[in-house]
Amino acid sequence: MSNYPIPDSATLVRMYEKMELIRLNDERAHKVVKTGRIVMPYYSPRGQEVIPSAISVNLTEEDYICTIYRGTHDMLAKGVPPKLLWAELAGRVTGTCKGKGGPMHITHPETGVMVTTGVVGSSMPIANGLAWASQLSGDDRVTIANFGDGAANIGAFHESLNLAALWKLPVVFVCQNNRYAEHTTFANSTAVDRIGDRAASYAMPGITVDGNDPEAMYGAAKIAIDRAKAGEGPTLIEAMTYRFNGHLLGDDGHYMDKEERQKAIDADPVARLRARLISDGVLSEADADKISADITAQLDEAIAFALDSDFPTLDELRRDVFATELA
Amino acid sequence: MTEKMTIAQALNLALDDAMAEDPKVVMLGEDLADNEEGGVMGVTKGLSTKYGKRVRSTPISEQAIMGAAIGASLVGYKPVAEIMLMNFTTVAMDMIVNHAAKLRFMSGGQTHVPIVIRTMTGAGFSVGGQHSDYLEAWFAHTAGIKVVAPANAAEAYGLLLSSIDDPDPVLFIENMPSYWTPGPAPTRGERIPLGKARIAREGKDLTIVSYSRMANEALAAAEALAEDGVDTEVIDLRTIAPWDQDTVIASVKKTGRLLTVHEATKPFGVGSEIAAVVNEALFGDLKAPVKRLGGAFCAVPFSKPLEDAFAPNAQGIAAEVRSMLSLDPVD
Ligand SMILES: Cc1ncc(C[n+]2csc(CCOP(=O)(O)OP(=O)(O)O)c2C)c(N)n1
Ligand SMILES: [Mg+2]
């Protein structure tokens with residue numbers, strides 16, 4: 001990986017800002033659900049902040065992503081406005097999807113968030129279609145398909161990788177390997193040691209990378225995205241990371257390996273990058289504090305906006321089923 | 001009956017009893033062994049510890065789960081496969097519809113598929129459009145697979161044992177939002193035959209046919225209506241396919257009025273089939289057109305007020321009954 005492109009310090013700061021937004025947003029989600037102000041299933045992305053941040057700084061708003069129920073990090077990094085995100089989490093009509101989709105199904109085409117799926121594995125086949133459209137129209141977009149380690153064992157993964165390689169689609173498959181699928185460890189669900197190794201079976205490059213290392217993750221993402229944009233076809237990235245929390249809020253993850261989990265939390269990638277940017281003199285303490293304070297203010301506003309918004313009216317049950325409202 | 005039990009406990013007990021009785025009963029599904037917490041809802045807790053390799057957690061691979069269940073069943077095992085949520089049966093449709101349901105027929109009766117597919121679902125949990133659907137009509141429409149949907153703990157126990165005994169594939173639908181509702185405890189070992197409905201409440205003015213959680217809503221509606229002197233008969237179908245036509249027809253012959261209620265969307269639903277059969281059998285005896293209630297014709301919405309309005313409830317059922325009897329609405 002010595003030949004990987006390296007982010008300059010301005011890029012690292014942009015990545016850090018995204019990571020801090022994801023971290024603080026997650027903190028708020030825990031609070032809001034625990035105090036009962038919003039009832040929703042919430043799948044924390046805490047611990048996985050680097051991955052979408054490193055990817056997104058290599059993308060434009062035009063590029064597409066597909067993500068999963070554990071996807072607020074992917075959405076925020078891609079630029080979904082927190083106000084619209086929070087209003088959707090709260091089931092309000094002002095949300096990205098008028099409150100009809102909810103946390104597992106955020107769609108925001110304006111920022112390229114095309115599909116969020118609650119069905120394991122289903123982000124990949126659809127990502128291929130988006131990429132195919134780009135290939136047909138020559139619009140130079142790249143599509144990112146996010147999914148978990150557990151999803152690599154479903155048929156859709158294998159079908160999608162083969163098709164993407166065969167058609168040389170401008171797509172990047174990003175397996176966020178957080179070591180758990182609900183209560184099942186990676187080792188107990190997967191016969192190979194590395195998902196990245198499977199790329200060889202589909203004649204595409206496979207990169208297994210430390211997804212919590214900002215530089216390595218940036219490099220892997222940039223190589224894959226550049227490759228896709230150059231018409232050279234898909235790449236599989238297995239980004240090694242760690243799920244800090246249980247599967248969803250309410251699951252304390254007591255079944256997780258305590259030592260391993262503590263080690264991952266102690267190596268919190270957000271805190272680490274902050275410390276590094278300060279020690280390298282890229283940011284001062286005050287700069288870093290200001291980034292956090294600005295994000296906090298933005299989140300305060302987003303949550304207040306969400307909770308102050310109206311719920312959708314019942315006629316929404318008849319709208320958006322088809323183009324024409326149901327009778 | 002004083003003893004109470006939740007549906008989740010009753011299911012666990014039925015699985016335990018079935019495994020203790022018959023060494024050919026095996027289980028597979030995501031997260032269901034104790035190493036993975038005995039199921040995401042804890043329904044299979046303790047069973048892998050007790051029965052070892054006969055209970056296996058699987059990768060997230062619904063097709064492979066169903067295929068393994070089918071294959072083992074062809075050669076003498078009785079697999080109980082769990083597809084965590086009903087919406088995820090879609091990922092394994094080929095295995096269920098093209099294979100499990102059809103192998104007996106296509107093999108000219110040489111092979112058969114005695115499996116149970118346990119799956120949970122139901123609106124009310126704020127989990128939105130891909131985690132809440134009742135899809136029973138798809139399966140009931142497929143020749144060769146039975147469909148069972150219990151309404152309470154005792155029913156869940158007795159029906160699950162019969163489903164495991166059954167020589168054909170059974171899709172066993174569990175309502176997730178009522179998993180922890182305490183209800184009548186089952187009698188150990190007692191089976192409830194498949195294809196036999198339960199008259200949950202006798203009445204003479206109108207028949208409601210329902211199943212799963214909606215049977216309880218129908219019962220609540222009937223109790224409320226009784227206070228106004230309306231005497232409603234409530235039939236819990238228990239088995240959706242094949243359904244107990246005799247019991248339903250006899251009831252509607254008596255009451256002259258039929259309302260069907262299910263949580264699945266109304267168009268092309270199970271209620272439509274029941275209405276058609278009752279019309280064919282009892283056209284001249286009906287005092288009112290058969291009516292159907294069902295979920296709204298849309299994906300299950302996330303937003304709470306929309307989700308609350310999605311499925312029928314006791315109040316709506318009672319209102320429909322009053323309208324069928326030409327009684328003034330109450331507010
Ligand atoms: C087809 C399908 N099967 C099962 C589930 C239930 N389920 C939801 S999340 C999950 C675990 C997925 O793990 P992984 O792919 O590693 O993603 P992570 O949650 O760790 O981000 C499971 C089994 C589902 N949503 N879809
Ligand atoms: Mg995972």
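Which residues of chain B does the UniProt annotation "domain: Transketolase-like pyrimidine-binding" cover? The annotation, from an unreviewed entry, covers residues 5-181 of chain B; UniProt positions are given in the numbering used here, feature names are shortened, and annotations may be inferred rather than shown by experiment. The model is predicted, local features need pLDDT of at least 70, side-chain atom pairs count only at pLDDT 80 or more, and totals for chains, interfaces and linings use all residues. Residues are numbered from 1 along each chain as its sequence is written, chains are lettered from A and ligands numbered from 1 in the order in which they are written, and side-chain values use heavy atoms, with hydrogens and water left out.

The span 5-181 of chain B is 36% helix and 20% strand, and its end C-alpha atoms lie 8 Å apart. Helices (H or I, at least four residues) and strands (E, at least two) are DSSP runs, numbered from the N terminus. In chain A, UniProt places "domain: Dehydrogenase E1 component", also from an unreviewed entry, at residues 18-312. That span is 43% helix and 13% strand, with 30 Å between its end C-alpha atoms.

Chain A contains an open sheet of six strands in the order β2-β1-β3-β4-β8-β7, with parallel pairing; two strands pair if DSSP finds at least two bridges between them. The edge strands are β2 (113-117) and β7 (206-210) of chain A, each of which pairs on one side only. Neighbouring strands of this sheet are turned against each other by 20 degrees on average, direction ignored. Five bridges link β7(A) to strand β8 (residues 235-240) of chain A in the parallel sense, and A:G206 has A:L236 as its bridge partner in β8(A). Helix α7 (residues 214-229) of chain A packs on the sheet, where it touches β3, β4, β7 and β8 of chain A, and its direction makes about 165 degrees with that of β8(A). Contact means heavy atoms within 4.5 Å. Axes are lines fitted to C-alpha atoms, for helices over the stretch in contact, and angles run from 0 to 180 degrees between N-to-C directions. Helix α5 of chain A lies across β1 (64-68), β2, β3 (143-148) and β4 (171-177) of chain A, running at about 175 degrees to β3(A).

The axes of α5 (residues 123-137) and α6 (residues 155-167) of chain A come within 9 Å and cross at roughly 15 degrees. α5(A) is therefore roughly parallel to α6(A); angles under 35 degrees count as roughly parallel, over 145 as roughly antiparallel, 65 to 115 as roughly perpendicular and the rest as oblique. The contact involves A:M124, A:P125, A:N128, A:W132 and A:Q135 of α5(A), together with A:A156, A:F157, A:S160, A:L163, A:A164 and A:W167 of α6(A). By class, eight of these residues are nonpolar, three polar and none charged, where Ala, Val, Leu, Ile, Met, Phe, Trp, Tyr, Cys and Pro count as nonpolar, Asp, Glu, Lys and Arg as charged, and the others, Gly among them, as polar.

Two helix pairs of chain B were also examined. The axes of α1 (residues 7-21) and α7 (residues 153-165) of chain B come within 8 Å and cross at roughly 30 degrees, and α1(B) and α7(B) are therefore roughly parallel to each other. The residues of this contact, among them B:I7, B:L11 and B:D17 of α1(B) and B:Y157 and B:L161 of α7(B), divide into 13 nonpolar, no polar and one charged. For α3 (residues 62-74) and α4 (residues 93-100) of chain B, the axes come within 8 Å and cross at roughly 30 degrees. In this pair, B:Q63, B:M66, B:G67 and B:I70 of α3(B) meet B:D94, B:M95, B:I96, B:H99 and B:A100 of α4(B), a contact of five nonpolar, three polar and one charged residues.

Chain B also holds an open sheet of five strands, ordered β9-β11-β10-β13-β14, with mixed pairing. β9 (198-201) and β14 (291-295) of chain B stand at the edges with a single partner strand each, so one side of each is left without a neighbour in the sheet. Three bridges join β9(B) to the antiparallel strand β11 (residues 232-236) of chain B, with B:R201 opposite B:V234.
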